[in-house]
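This report works through the helix packing, the domain layout and the chain contact of the structure shown below.

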Amino acid sequence: MTSDDNGIEVGGLVRDFKKGPRAVDGIDLSVAPGEIYGFLGPNGAGKSTTVLMLTTLLPPTDGTARVAGHDIRREGARVRAAIGVALQEAALDPLLTGREHMRLQTALQGVPRRERAARGDELLTRMGLADAAGRRVGGYSGGMKRRLDLALALVHRPRVLFLDEPTTGLDPSSRSELWREVARLAREDGVTVFLTTQYLEEADVLADRVGIIEAGRLVAEGAPETLKAQIGRPALEVVPRDALQRDALAEVLERFGSAAAAPPHAAAVRLSRGNDALADVVRALDAAGIAIADFQLHAPSLDDVFLAKTGKQLVSGEEPDEQAPADRVTEPVAS
Amino acid sequence: MSPTTGTLGLQVAQLARRSVLRTFRQPAQVVPTVLFPLFLLAVNTAGLEAATELPGFPSDSYVDFAMAFAFMQGALFSMVNAGTDLARDVESGFLQRLALTPMRRAALLLGQLAGVMAVSLLAGVIYLLVGLVAGVTVVTGVGGVAVLFALALLIGLAFASLGAFIGLRFGSAEAVQGFFPLFFVLLFLSSASLPRELIEQDWFRTVATWNPVSYLVEGIRSLFVIGWDGEALALGFGIAALVAAAGVAGAARALGTRVVRG
């Protein structure tokens with residue numbers, strides 16, 4: 001690997017804390033230059049700890065990593081010069097304006113004095129913050145803060161960008177705006193993006209490849225489509241009209257495949273013959289005298305991948321309404 | 001740490017500028033710094049003027065005598081302002097943002113302290129102007145005013161660096177504010193209100209004699225009421241320099257623990 005490289009190579013990365021279990025437990029991964037890598041996992045899985053190590057803010061207990069061709073243990077300053085980082089809490093000064101943030105960041109990043117104002121304004125404009133540039137950040141919305149955070153991360157034209165849960169807490173439209181910008185950076189500017197998220201949809205939409213982390217270990221890795229194809233079969237979720245028939249319904253469904261996760265008032269099956277089995281399922285339910293209130297067919301999602309790999313569903317604590325992606329198992333409304 | 005871009009001076013200037021901007025945008029930091037010392041000066045001068053009648057009292061004007069108290073209070077506010085701002089940077093993660101730039105660690109501390117000193121200088125000018133309007137005289141004249149500001153800034157730096165140490169060590173603005181009363185008590189248990197020789201209670205006189213704050217107060221006060229007093233100035237400058245050195249070293253160490261970069 002040369003110093004011009006803008007990929008990430010991680011080998012056996014470990015981080016222990018004095019209290020609690022091992023936060024990161026031997027992670028190996030590699031991110032190709034210009035790739036968007038989605039690091040997906042629930043709260044406390046070790047995502048942020050990994051990012052802190054890769055960005056040189058936390059020394060690893062064991063293992064190593066090279067970021068943009070530089071060793072994170074021995075060449076911290078070179079790593080920092082090559083990377084842009086937006087950490088989980090958009091760490092901004094509520095008393096300063098957007099433009100003052102850019103001025104401070106461009107100066108500290110060593111942008112030549114003549115170019116500072118122009119570089120700051122260019123990024124503020126690109127992030128849609130030109131009108132708000134003179135206002136104090138304390139009055140910004142969550143989405144504006146994240147965009148300013150991203151603008152600050154870009155002032156020195158980094159080759160690798162780390163985004164730690166960049167859209168947590170954002171409304172759906174702010175989220176898609178940020179996705180567009182991140183995708184543009186990777187596609188047009190060739191920036192490598194390492195992104196942590198607890199949102200399946202974010203990983204699915206944005207990432208070229210996804211690594212699923214659970215309890216400090218990487219449990220699956222691949223392109224979202226590849227991972228979903230590994231799971232393969234669609235799931236059928238059925239809500240009986242009479243809730244008392246739920247168990248009988250589940251028995252019938254299990255003739256067509258293995259049981260899948262479903263809300264308490266419904267039953268679901270992962271169809272072993274795929275969609276071909278649908279007609280047979282309906283006939284079997286009819287024969288068993290089970291009236292159907294609702295049924296939904298779900299194509300395999302990253303949620304299913306996550307469930308298959310970890311035995312758990314990825315549900316984060318905050319804002320369940322906002323993060324429910326279109327393809328995840330949702331509770332159907334009983335008619 | 002290479003590649004380092006930008007000079008230390010540039011980084012310090014940028015961070016000092018930020019510190020000053022922050023202070024002036026928080027009325028809760030500016031108003032107490034400027035008004036409380038003046039308020040207490042007015043109250044003390046009105047209430048304690050009779051003290052000047054005591055045999056051995058070094059001045060026939062209590063307001064001349066009490067000016068040192070105002071400068072000391074200003075220094076205490078420098079402590080709170082420096083500590084609170086750095087603690088907020090720890091709490092908000094702004095410190096991590098700064099740590100990811102090629103900024104030198106020292107620049108953060110020096111920038112913050114320089115910003116607080118600038119505000120402290122301005123506050124000092126206001127105390128002195130208000131004092132002069134109220135009839136204060138500086139027996140050491142213009143040269144004394146210059147030395148006064150040098151000493152007041154060094155004392156401000158000493159307290160601000162202690163504040164910075166507390167803010168960085170504990171990473172909590174509440175912790176900094178929690179220490180404030182402790183230092184305020186130290187000020188009251190010094191010779192700030194009466195010359196040590198005139199303190200009647202033995203215990204109080206003993207405490208005031210051992211309390212280093214007394215010598216800071218006496219150094220400033222000598223310029224207003226006594227004249228050029230080499231011993232008072234040497235003690236004032238010396239103790240302030242020692243505290244500042246300890247405070248800056250402690251704060252630098254606490255910052256090093258907060259910002260561990262590879």
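## Helix packing in chain A

In this predicted model, helix H3 (residues 98–108) of chain A packs against helix H4 (residues 113–126) of chain A at an angle of about 130°, and their axes are 9 Å apart. The crossing of H3(A) and H4(A) is right-handed.

On the side of H3(A), the contact is made by Gly98(A), Arg99(A), Met102(A), Thr106(A) and Ala107(A), and on the side of H4(A) by Arg116(A), Arg119(A), Gly120(A), Asp121(A), Leu123(A) and Leu124(A). The residues of this contact of H3(A) with H4(A) comprise four nonpolar, three polar and four charged.

## Domains of chain A

The domain assignment of chain A gives two entries, with domain 1 covering 8–228 and domain 2 covering 233–299. Taken over C-alpha atoms, the centres of domain 1 of chain A and domain 2 of chain A are separated by 42 Å.

## Helix packing in chain B

Helix H5 (residues 105–133) of chain B takes part in a contact with helix H6 (residues 141–170) of chain B, where the two axes come within 9 Å and cross at roughly 135°. H5(B) and H6(B) are therefore oblique to each other, and H5(B) passes H6(B) in a right-handed crossing. From H5(B), the residues that meet H6(B) include Leu109(B), Leu113(B), Val116(B), Met117(B) and Ser120(B), while those of H6(B) include Val145(B), Leu148(B), Phe149(B), Leu153(B) and Gly156(B). The residues of the contact of H5(B) with H6(B) divide into 15 nonpolar, four polar and no charged.

H5(B) also packs with helix H2 (residues 27–48) of chain B, the axes coming within 10 Å and crossing at roughly 30°. H2(B) and H5(B) are therefore roughly parallel to each other, since angles under 35 degrees count as such, and H2(B) passes H5(B) in a right-handed crossing. Here Thr33(B), Val34(B), Pro37(B) and Leu38(B) of H2(B) make the contact with Ala123(B), Ile126(B), Tyr127(B) and Val130(B) of H5(B). Among the residues of the contact of H2(B) with H5(B), seven are nonpolar, one is polar and none is charged.

## The contact between chains A and B

How many residues of chain B are in contact with chain A? The contact involves 27 residues of chain B and 35 residues of chain A. The size of an interface is often given as the accessible area lost when the parts come together. For chain B and chain A, the area buried between them is about 2800 Å², with 58% of it on carbon and sulfur atoms. Of the area that chain B buries against chain A, 28% is supplied by Arg25(B), Arg97(B) and Leu100(B), which is more than any other three residues supply.

Definitions and conventions: Residues numbered from 1 in each chain as written. Chains lettered and ligands numbered in written order. Predicted model: local features only at pLDDT ≥ 70, side-chain atom pairs only at ≥ 80, totals over all residues. Heavy atoms only, no water. Domains from an automatic or database assignment. Axes fitted to C-alpha atoms, helices over the stretch in contact; angles between N-to-C directions. Helix = DSSP H or I, 4+ residues; strand = E, 2+ residues; numbered from the N terminus. Parallel < 35°, antiparallel > 145°, perpendicular 65-115°, else oblique. Left-handed = near helix turned anticlockwise from the far one by under 90°. Contact = heavy atoms within 4.5 Å. Nonpolar A, V, L, I, M, F, W, Y, C, P; charged D, E, K, R; others polar. Buried area = accessible area lost by both parts, 1.4 Å probe.
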